[in-house]
Amino acid sequence: MLLEVANLNIDLPTADGARRIVREASFTLDRGQTLGIVGESGSGKTMTALALMGLLPDGATTSGAIVFEGRDLTRLSEARMQELRGDRIAMIFQEPMTALNPLHSIGRQIAEPLILHRGLSKAAARTQAVKLLERVGLADPARRARAYPHELSGGQRQRAMIAMALSCEPRLVIADEPTTALDVTVQAQILDLIADLGEQSNMALILVSHDLAVIAQNCARVLVMYSGMTMESGRTQDVLARPAHPYTKALLEARPRVSAPRGERLHAIAGAAPSADAMPKGCPFAGRCPLTIEACRLAPPAPVTLRGDHTARCIRIDAAERLA
Amino acid sequence: MSRDSFAARARRNASFAVGAALVAMLILATALSLVWTPYPPGAIDVPHKLLEPSFAHWLGTDSLGRDIVSQLLAGARVSILVGVIAVGIGLIFGVALGLAAASAKGIAEDIIMRLCDFTFAFPALLLAIMFTAVLGAGIVNAILAIGIFNVPVFAKVTRALGNNVLARDYAMAARAAGKGPIAIAFEHVLPNVAPALIVQATIQFAIAILAEAALSYLGLGAQPPQASWGRMLSDAQQLMFLAPRLAVFPGLAVVLAVLGLNLLGDGLRDLLDPRLRARR
């Protein structure tokens, strides 16, 4: 197993004490596998990704285990984590506009991890950077390597970011909303590129997104997060075809559909997610969920296993099944 | 491409042009004084005291017959020396402390910044006076005193802007690439705060020139026979009504130097503004 996350809790410090923003996240990932984490803003998906990188904000604490290649990352020293980052685990960020330093050339920024982790000379790293730029599909890579970020388009910059993340051939790549800042036609190209490159070098990919369609096309397995809790997880085709959790169902219904009758309004989920400082002790979806009963509000739901590794955290699974 | 547009914008920027011209004059005067002055700057020539401006003495002579032009040129040298060293001390230690504070965060950051506040709480000139009173009057101690007060200024600017840079995505991306905090401080933070530091340096340079003039005026800076604009003002004081020009010329020199540096700083701030650069 490449990555095994078990009962991961993340607490962020606030003025009125620690606030739990991710609760009991558990998932595994094998070499070359793809996992999507989907959820709305504040659902804890980005924090989960940052925890894997060891890049949580200052003062954040974790409990549980993140075992990567046999080592528990939560127990590694910062110096050991620095060796892993960019080498064994890499990250692709959301905003290619701001995730590249405006003062350094593209080639220099791609060469940096190679110099740092591979001990390449500056010249060798630059040559390698040009090859990487070619691999991510940038035309005229030698010229692009000398360019500065403001001279490239958003899609070109995201390709450069991908080249940077993949420079040391990491075993695990975490992409946090990699296409959100790009327009739709470029989105598809970038996602295809990440998937292709991942397959070629047998990298595992964690794709964080709020967009179910993006996850459906690119990930074999999916994790649906809501208010810091993993509501449902399993093979993407199972979860999307036979969603078990009322939240997942509501999410799928809220998608725009081509087949919907003209003039029909999109479904919205009534209410709003609970804020992290007023987290209910029961199910966070209670109240917004049509199946809420008193028991939902009393204790957080435990994961219920359905078929295979398809699980959902809901005490009313049976009723939900009937609803479908 | 970027260089062209910088030059083009520099020509259109009036404060930059005027400031740069005045500062260039200051630098030229200093350079000239190293190789040539009309008379030796400290040479006393009592028979020719208090001469009106003439062809022999362009701006006249003072109460001891010293040539004003020669003294002004030699004084420019002191001003530049004080500015360069005092700002240099401030930059080296201030930027190092500011980078350390921004990178370290937590208690170390608090300690460094409270130490800076502590220094700020003292009136700078009073402490400089105390400093020179304890260590002895002289240009070296005056420079040190002024330099020490530049340290917290640069530390604060560096830390504030450094925290800003560290919160950017590219700093996070650098950490995700496995970079350590020291590498990030020098490769990402420093280049991005450099424009603001340059602007701040010109302003601190002007303040240092003023402070040196003040200290020398009080007899705590440059000592005779060393020429200094502050000392010239102090000497001119007794003859204020008899020969006001003795105060006017060094006073004008201080005003033009400080004005030039401030205008240059203003102009540079406009030219180096990242918002303007982003529009390019």
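Which residues touch the most other members of the largest nonpolar core? Keep that in mind as you go through the stops below.

**Before you start**

The model is predicted, so local features need pLDDT of at least 70, side-chain atom pairs count only at pLDDT 80 or more, and totals for chains, interfaces and linings use all residues. Residues are numbered from 1 along each chain as its sequence is written, while chains are lettered from A and ligands numbered from 1 in the order in which they are written.

**Stop 1: the core**

Select A:L133, B:I146 and B:I209. These three touch the most other members of the largest nonpolar core, which has 159 residues. A nonpolar core is a set of buried Ala, Val, Leu, Ile, Met, Phe, Trp, Tyr and Cys residues joined through C-beta atoms within 7 Å. Buried means that 20 or more other C-beta atoms lie within 10 Å of the residue's own; exposed means 12 or fewer, and partly exposed is in between, with C-beta atoms placed from the backbone. Next, select helix α3 (residues 68–104) of chain B, which gives the most to this core, with 17 residues. Helices (H or I, at least four residues) and strands (E, at least two) are DSSP runs, numbered from the N terminus. In soluble globular proteins, nonpolar side chains tend to be buried together.

Now return to A:L133. Leave out residues up to four places away in sequence, and A:L133 touches A:I110, A:L138, A:P141, A:R144, A:A145, A:A160 and A:A163. Two residues touch, or are in contact, if their C-beta atoms, placed from the backbone, lie within 7 Å.

**Stop 2: chain B**

Chain B has eleven helices and zero strands. Its C-alpha atoms fill a box of roughly 75 × 50 × 30 Å along the principal axes. Of the 280 residues in chain B, 44% are buried. Take the contacts in chain B between residues at least 6 apart in sequence: 72% of them join residues at least 24 apart.

**Stop 3: two helices side by side**

Select helix α8 (residues 181–217) and helix α10 (residues 245–272) of chain B. They pack at an angle of about 170 degrees, with their axes 8 Å apart. The axes are lines fitted to C-alpha atoms, for helices over the stretch in contact, and angles run from 0 to 180 degrees between N-to-C directions. α8(B) and α10(B) are therefore roughly antiparallel to each other. That label needs an angle over 145 degrees; under 35 counts as roughly parallel, 65 to 115 as roughly perpendicular and the rest as oblique.

Colour the contact residues. From α8(B), they include B:I198, B:T202 and B:I209; from α10(B), they include B:V254, B:L261 and B:R269. By class, this contact has 16 nonpolar, three polar and one charged. Ala, Val, Leu, Ile, Met, Phe, Trp, Tyr, Cys and Pro count as nonpolar, Asp, Glu, Lys and Arg as charged, and the others, Gly among them, as polar.

Stay on B:R269, in helix α10 of chain B. Is B:R269 buried or partly exposed? With 19 C-beta neighbours inside 10 Å, B:R269 counts as partly exposed.

**Stop 4: where the chains meet**

Show both chains. The contact takes 22 residues from chain A and 15 residues from chain B. On chain A, α2 (78–84), β6 (89–92) and α3 (106–118) each give two or more residues. The largest share, four residues, comes from α3(A). This side of chain A has eleven nonpolar, five polar and six charged residues.

**Stop 5: chain A**

Select helix α1 (residues 45–53) of chain A. Eight of its nine residues are buried, so this helix is largely enclosed by the rest of the structure. Among them are A:K45, A:T46 and A:M47. Just after α1(A), A:G54 takes a positive phi of about 70 degrees.

Most residues other than glycine have a negative phi. Select A:E24 in strand β2 (residues 17–29) of chain A. A:E24 is not a glycine, yet has a positive phi of about 45 degrees.

**Last stop: confidence**

Colour by pLDDT, the predictor's confidence in each residue, from 0 to 100. Chain A averages 89, and the mean for chain B is 88. In chain B, confidence is lowest in helix α11 (residues 274–279), at a mean of 51. The predictor gives the complex an ipTM of 0.83 and a pTM of 0.82.
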